[in-house]
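Trainee: I would like to go through the labels on this model one by one. Please show it first.

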Amino acid sequence: MNEVLFGLTLAYVFFTALVLLSLICSRIFWGVKALLIILAIGFYSLSYQGWKETQGWPSKTALPERFLLHYAVVEEPDKEMGSEGRIYMWLTSTVDHQLAEEPRAFQLDYDLGLHGKLETAIREINNGNLQLGELNPNQAIEKGAKQKNRAGQKYLGLQFVKLPDPALPEK
C-alpha cells in the first residue's frame with residue numbers, strides 16, 4: 001500500500017468515526033442511526049475499491065477491440081503454489097486510428113495460446129517493431145469457446161500485427 005492510498009484510508013476512517021460519533025450523540029431514532037452507520041462503512045469500502053482501480057491496479061474488464069501493446073508479463077500456472085497463472089498487459093486503446101490519452105493495465109487469466117502470441121509480440125517490440133493488437137471474434141468462435149476470461153472474452157481471437165509505418169506527406 002503506497003503512502004497516498006494509506007493517507008486516503010486514514011482520512012476515510014477519520015470521517016467515518018466523526019459521522020459515527022455524531023450519530024451516537026444525536027437523538028435520532030436508533031434504526032436510522034444503525035442504517036447510517038452501515039451506509040458510512042459501505043461507502044468507505046466502495047471508495048477504497050474505486051481508488052484501487054485508479055491507482056494503476058490492472059483492470060479485469062474486456063480488452064478493447066484494437067490497441068497498441070506496450071508490454072506484457074506472464075505468470076505461468078504453478079500447481080505446487082496453487083497459482084492458476086495470470087497475464088498482465090499494458091496497452092493503449094485505439095479509436096478511429098487515434099490512441100487514447102493514457103495506457104491501461106489489464107489482467108487476464110492464463111492461456112497457453114495467448115502466452116505464445118505474447119512472447120512473439122514482445123520479441124518484436126524488443127526489436128523495435130510496435131505491435132498492434134486486434135480482437136477477431138470470428139477466429140475465436142472457429143477454434144471453440146472453451147477458454148474464456150471472467151468477462152467471457154475468448155483469447156484465441158487475439159492477434160498481434162506490426163504497426164504499419166506512417167504515411168509521409170507528399171512534397
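**Strands, bridges and burial**

Mentor: Start with S5 and strand S6 (residues 158–162): they pair in the antiparallel sense over 5 bridges. Note that this is a predicted model: local features need pLDDT of at least 70, side-chain atom pairs count only at pLDDT 80 or more, and totals for chains, interfaces and linings use all residues. Residues are numbered from 1 along each chain as its sequence is written, and side-chain values use heavy atoms, with hydrogens and water left out.

Trainee: What makes S5 and S6 a pair?

Mentor: Two strands pair if DSSP finds at least two bridges between them. S5 and S6 have 5 bridges, so they pair. One of the positions is Gly133, which stands opposite Phe160 in S6.

Trainee: What makes a run a strand?

Mentor: Strands are DSSP runs of E, at least two residues, numbered from the N terminus.

Trainee: Why is S5 called largely enclosed?

Mentor: Buried means under 20% relative accessible area (1.4 Å probe, protein chains only). In S5 (residues 131–135), 5 of the 5 residues are buried, so the rest of the structure largely encloses the strand. Gln131, Gly133 and Leu135 point one way, Leu132 and Glu134 the other, and all are buried.

Trainee: Which strand is joined to S5 by 4 bridges?

Mentor: Strand S1 (residues 66–75), and the two run antiparallel. Leu69 has Gln131 in S5 as its bridge partner.

Trainee: How do you know that S1 also pairs with strand S2?

Mentor: There are 8 bridges between S1 and S2 (residues 86–95), in the antiparallel sense. Glu75 stands opposite Arg86 in S2.

Trainee: How many bridges join S2 to strand S4?

Mentor: 6 bridges join S2 to S4 (residues 104–109), and they run antiparallel. In S4, Arg104 is the bridge partner of Leu91.

Trainee: Why is Val74 called partly exposed?

Mentor: Partly exposed lies between the buried cut-off and exposed, which is over 50%. Val74, in strand S1, has a relative accessible area of 27%, so it is partly exposed.

Trainee: Which residues does Val74 touch?

Mentor: Arg86, Ile87, Tyr110, His115 and Leu118, not counting residues up to four places away in sequence. Contact means heavy atoms within 4.5 Å.
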